[in-house]
Amino acid sequence: MMKAAAIVQSPWSLNQKPSHYPYKSDLVDGGGFNLSTFKGSSIKIQTTIFPLQKQPHKLEVRASIGNTFGNLFRVTTFGESHGGGVGCIIDGCPPRLPLSESDMQVELDRRRPGQSRITTPRKESDTCKILSGVGQGSTLGTPIAVSVPNTDQRGNDYSEMALAYRPSHADATYDFKYGVRAVEGGGRSSARETIGRVAAGAVAKKLLKIQSATEVLAYVSRVHGVELPDDVVDHEKLTIEQIESNIVRCPDPVIAEEMIKAIDMVRLRGDSVGGVITCIARNVPRGLGSPVFDKLEAELAKGLMSLPATKGFEIGSGFSGSKMTGSEHNDEFYIDDSGNVRTRTNRSGGIQGGISNGETIVMRVAFKPTSTITVSNLSFDCLNCTTVNDSLSLSVSESYLMS
């Protein structure tokens, strides 16, 4: 009599096997087979059936896992633009570092909205509160949780944004990926997400200053068509006071006034402009960076390009270096008075071969114009699946154009 003995290691019998679950079947000796091959045979078969990964009927997306940056010093940010609040969790900060909320508040106050006519007029105090990881004025070596409440939420100002995607905003792509989006202010794609980065950055800056006297400064080097020439700023002597001397945070007062005029000109038309931030790090220890995939400039690019609205990253000579010859671009070595190996120029931007060389790190990040403007653009009607004129943006409260 023809028999086939089967051992089924799955939740289903052979008759119940769903057609969309592939199976792996094995003979006693491990060879593959098809049950229909043995029809009419007296051979005895032992079968092991393994369910493989389910093939979904439609795209299913896992929960977001891109909210943490770093390895030893790890920063996770949380919160949405018009939710209850935003903040961060810092893991890997060493113990006994003197730290208080005032250390973070100084940097958060520099970031705070509503400081001038050329920034978002949204009114937020951005007052931080340390929830864990600090005791008696010092870090404990445990995770540091920092929270900043949102106190000026106006979610209703964005109610009509549920009807149409804002052109070049993250509305559409978040919807494409997750099937849901935070209509109010863009949620995680909003610049308010950077509050957690600023709070964590304040801790990192203090730690770097104590450990290696490393300083990090950043300033606006271009707004629209107004650019600060490279040779105007001496990066070895640049101070935070020079940067903070005007509302656009350009260290040259003459160029700063031109930048402000350029912003005002388009702002009054309900439009926006982009720009470039130059960031420097002085007294950086040599040897930072791990070739090949963890080169220092690659890590810096990842951190900076994850900021909202970024569109370009350069280090050292950047793209302009591609126009030079090798003899023009090379940074020649010399020995300074202290016996240290230095370079006479810094076209490498402080990094060679993906490793810091001890010179000042110089990098630039380009930001696109703010997407939410009062000038009408064509968009997509999410309810009726038709192309519409994005006049809905006109109803967005002016005080939230850049929130």
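Predicted model: local features only at pLDDT ≥ 70, side-chain atom pairs only at ≥ 80, totals over all residues.
Helix α3 itself covers residues 194-212. Its 19 residues, at 1.5 Å a residue, should span 27 Å, and the end C-alpha atoms are 26 Å apart, so the two values agree.

Several residues of α3 are buried: Thr194, Ile195, Gly196, Ala199, Ala200, Ala202, Val203 and Leu207. An α-helix has 3.6 residues a turn, so residues three or four places apart point the same way. The cover over the buried residues of α3 includes the strands β4 (74-79), β5 (85-91) and β9 (144-149), together with helix α1 (101-111).

In soluble globular proteins, nonpolar side chains tend to be buried together. The largest nonpolar core of the model has 22 residues. Within this core, Val223, Leu238, Val248, Cys250 and Met259 touch the most other members. Strand β10 (215-223) and helix α5 (253-267) each supply at least two residues of the core. Helix α5 gives the largest share, with seven residues. Apart from this core lies another, of 20 residues, which includes Val75, Val86, Met104 and Leu108.

When residues up to four places away in sequence are not counted, Cys250 touches Val220, Leu228, Gln242, Ile243, Ile255, Ala256 and Met259. One of these contacts, Met259, is also among the core residues that touch the most other members.

Helix α5 also contains Asp264. This residue counts as buried because its relative accessibility is 14%, and the cut-off for a buried residue is under 20%. With residues up to four places away in sequence left out, Asp264 touches Arg117 and Ile118. Along the chain, Asp264 and Arg117 are 147 residues apart, while their C-alpha atoms are separated by 8.5 Å.

On the surface, Phe333, Ile335 and Val341 form a nonpolar patch. Together these three residues have about 310 Å² of accessible area. Val341 belongs to strand β15, which runs over residues 341-343. With a relative accessibility of 39%, Val341 counts as partly exposed, because this class lies between the limits of 20% and 50%.

Note on methods: Residues numbered from 1 in each chain as written. Heavy atoms only, no water. Patch = residues over 30% accessible without salt bridge, like charges linked within 9 Å, V, L, I, M, F, W, Y side chains within 5 Å. Areas by Shrake-Rupley, 256 points an atom, 1.4 Å probe, with all protein chains shown as cover. Salt bridge = Lys/Arg side-chain N within 4 Å of Asp/Glu carboxyl O. Helix = DSSP H or I, 4+ residues; strand = E, 2+ residues; numbered from the N terminus. Buried < 20%, exposed > 50% of the residue type's maximum accessible area, 1.4 Å probe, protein only. Expected span 1.5 Å × (residues − 1). Contact = heavy atoms within 4.5 Å. Core = buried A, V, L, I, M, F, W, Y, C linked by side-chain atoms within 4.5 Å.
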